[in-house]
Amino acid sequence: MKLYKIKKSNIDRNGRGLYATKDIKEGARIIDYVGKIITKKQTEDSKKFDNSKPIYLFNLNNRYDLDGDVSWNIARLINHSCLNNCDYEGQGLKLWVTAIKDIKKGKELTCDYGFGYDSDYKQFPCKCGSINCVGFIIREGSRWRINKKFKMSLKKNQRVSK
Ligand SMILES: [Zn+2]
């Protein structure tokens, strides 16, 4: 049984979101974040990422990005929340979504999209409704943060393998 199902979102009223189909434990890997692996040059050359759809673009390493804006990437439906219960993790060219706290059945799954203040964040209002909501989809640090996450998950994995 999958840990998620697609439903009309409470956050994005015009769109869909993913919801927990059962209680999910912190640390559980919920869904892979898939897409097209493209080179940095392709990202630079593509008009698509001229700030219209940066939400789905991830930095994998110095050479490659992942464009998650494809129909088969169910994980793209996960909405942003300032009080997110999931986060992106990566290793090599793979990305996935992990629960960062225990999530009750029926709750909407949310991630931190992690836009930096340097990006044009005002075009992305946040309606997550959390008590700490800042009104826009931003976070401190950089939107290109998967590299950092990657290092963190490596550390975590090393701890597990002991
Ligand atoms: Zn918010």
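Colleague: K7 lies over the face of Y19, but at what distance from the ring centre?

Modeller: In this predicted model, local features need pLDDT of at least 70 and side-chain atom pairs 80 or more, whereas totals for chains, interfaces and linings use all residues. Residues are numbered from 1 along each chain as its sequence is written, and side-chain values use heavy atoms, without hydrogens or water. A charge sits over a ring if NZ of Lys or CZ of Arg is within 6 Å of the ring centre and within 35 degrees of the ring normal. For K7 over Y19, the distance from the ring centre is 4.4 Å.

Colleague: Over which ring does the charged end of R29 sit?

Modeller: The charged end of R29 is placed 3.8 Å from the centre of the ring in question. That ring belongs to W96.

Colleague: What geometry does the site of the zinc ion have?

Modeller: The protein donors (N, O or S atoms within 2.8 Å of the metal) are the SG atoms of C82, C126, C128 and C133, at 2.3 to 2.4 Å from the zinc ion. Along the chain these donors follow the spacing C-x43-C-x1-C-x4-C. Because the angles among the four donor atoms run from 104 to 113 degrees, inside the required 85 to 135 degrees, the site is tetrahedral.

Colleague: Is C128 buried or exposed?

Modeller: Buried means under 20% relative accessible area with a 1.4 Å probe, protein chains only, and exposed means over 50%, with partly exposed in between. Since C128 has 14% relative accessibility, C128 counts as buried.

Terms used. Donors are N, O and S atoms within 2.8 Å of the metal (3.2 Å for Na, K and Ca); water is not among the atoms, so sites may look incomplete. Four donors count as tetrahedral if all angles lie between 85 and 135 degrees; four count as square planar and six as octahedral if opposite donors are over 155 degrees apart and all others between 65 and 115; anything else is irregular.
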